[in-house]
Amino acid sequence: MDLIVYASKKGATRKVAQMIKDNKENIQLVDINEKLPNLNEYENIYIGTPIYIGMINKKIKKLINENLEILLTKKVNIFLVGMNEKELENTIINNFPKSLREKSIIVHVGGAYYFNKLNFFQKLIVKKVANITKTSEAYKLDVINSL
Ligand SMILES: Cc1cc2nc3c(=O)[nH]c(=O)nc-3n(C[C@H](O)[C@H](O)[C@H](O)COP(=O)(O)O)c2cc1C
């Protein structure tokens with residue numbers, strides 16, 4: 001049995017997690033806000049998180065830190081959801097322990113801006129940083145399907 005555990009604020013990471021699930025059999029999908037199962041019981045573990053201002057989700061970070069020993073014994077695939085690939089290398093170095101970086105597969109799967117779900121300040125940031133003013137999706141389906 002495999003596991004996908006993900007966090008999502010606006011729905012993009014949830015959508016990618018569901019796409020990964022749809023591609024596989026014997027795989028369980030868990031939102032980080034639900035009760036988490038015992039990681040020991042899974043072979044492959046997929047971890048999905050969005051990137052906001054260069055940071056991964058806090059609860060995902062906590063999950064990784066608290067279960068690092070177990071995760072280092074598993075096949076771990078981390079999928080990062082974000083719209084700015086330029087900063088990706090720094091984001092990976094800043095957010096994941098070296099031991100896990102070296103042992104896991106970390107991919108960038110693109111992301112989306114769901115404008116109707118952003119608050120006023122988030123819209124301002126997105127407009128300023130990305131010059132985007134309406135909903136846009138940019139998922140990397142080839143990467144998602146390769147997981
Ligand atoms: C306020 C704000 C800040 C963001 N900062 C980053 C960032 O630093 N790097 C990045 O790659 N994407 C950034 N994004 C894009 C999000 O990662 C993208 O919208 C993602 O799909 C969100 O995932 P979610 O819908 O699962 O929450 C930002 C988006 C917002 C609204």
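How far does a polar side-chain atom of Y52 lie from an oxygen atom of the ligand? In this predicted model, the distance between that side-chain atom of Y52 and the ligand oxygen is 2.5 Å. The protein as a whole covers 92% of the 640 Å² of accessible area that the ligand has on its own, and the place where the ligand sits is the largest pocket.

The shell holds 20 residues, of which S8, T13, I51, Y52 and A112 come nearest to the ligand. By residue class, the shell is made up of eleven nonpolar, seven polar and two charged residues.

Secondary structure gives another view of this shell. Helix α1, which spans residues 12-22, and strand β6, which spans residues 110-113, each supply at least two of the residues around the ligand, and β6 gives the most, with three residues.

Side chains of opposite charge can pair when their charged atoms come close. The structure holds five salt bridges, and one of them joins the side chains of K15 and E137, with a distance of 2.8 Å from N to O. Because K15 lies in helix α1 and E137 in strand β7, residues 136-139, this pair ties together parts that are 122 residues apart in sequence.

Just after α6, the backbone of N131 takes a positive phi of about 55°.

Terms used:
Residues numbered from 1 in each chain as written. Predicted model: local features only at pLDDT ≥ 70, side-chain atom pairs only at ≥ 80, totals over all residues. Heavy atoms only, no water. Near = heavy atom within 4 Å. Polar contact = N/O pair within 3.5 Å; in protein donor to acceptor, adjacent residues only side chain to side chain. Areas by Shrake-Rupley, 256 points an atom, 1.4 Å probe, with all protein chains shown as cover. 1 Å grid on protein atoms, 1.4 Å probe; cavity = no way out; pocket = protein on both sides within 12 Å on 5 of 7 lines; lining within 4 Å. Sits in = over half its atoms within 2 Å of the grid points. Helix = DSSP H or I, 4+ residues; strand = E, 2+ residues; numbered from the N terminus. Nonpolar A, V, L, I, M, F, W, Y, C, P; charged D, E, K, R; others polar. Salt bridge = Lys/Arg side-chain N within 4 Å of Asp/Glu carboxyl O.
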